[in-house]
Amino acid sequence: MTDGGESLLDIGTGLGFFLEDVSSHVEETVGTEISTAKREYVETHTEHSIFENTPAVCDEYGDNEFDIITLFHVPEHLPEPD
């Protein structure tokens, strides 16, 4: 990852620790988290944008694309990850 104008979307961001770690390397950090409690934590303890799900991100950002998309510890929760 290089310093610069990149934007990052982290799906399933949890408490936002990864967003915090990478925020000095990308211009914009956005996360999604289905857990209300975890979303509230990110909202009150960080300055990152956080949404309940990816459709909400699409509603907010429209056709804009993210340079980097991560989803750590998400595929194992999907009913059919293949």
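How many helices and strands are there in the chain? The chain has 3 helices and 4 strands, where helices (H or I, at least four residues) and strands (E, at least two) are DSSP runs, numbered from the N terminus. This is a predicted model, in which local features need pLDDT of at least 70, side-chain atom pairs count only at pLDDT 80 or more, and totals for chains, interfaces and linings use all residues. Residues are numbered from 1 along each chain as its sequence is written, and side-chain values use heavy atoms, with hydrogens and water left out.

Reading from the N terminus, the elements follow the order β-α-β-α-β-α-β. The 4 strands make an open sheet, ordered β3-β2-β1-β4, with parallel pairing; two strands pair if DSSP finds at least two bridges between them. At the edges sit β3 (49–51) and β4 (68–70), each pairing on one side only. Strands β1 (residues 7–11) and β2 (residues 28–32) are joined in the parallel sense by 5 bridges, and Ile11 stands opposite Thr32 in β2.

Now for some values for the whole chain:

| Property of the chain | Value |
|---|---|
| Box filled by the C-alpha atoms, along the principal axes | roughly 35 × 30 × 25 Å |
| Accessible surface | about 5,600 Å² |
| Share of that surface from carbon and sulfur atoms | 48% |

The accessible areas come from the Shrake-Rupley method with a 1.4 Å probe. Of the 82 residues, 33% count as buried, meaning under 20% relative accessible area (1.4 Å probe, protein chains only). Among contacts (heavy atoms within 4.5 Å) between residues at least 6 apart in sequence, 41% join residues at least 24 apart.

Technical notes: Buried means under 20% relative accessible area, exposed over 50%, partly exposed in between (1.4 Å probe, protein chains only).
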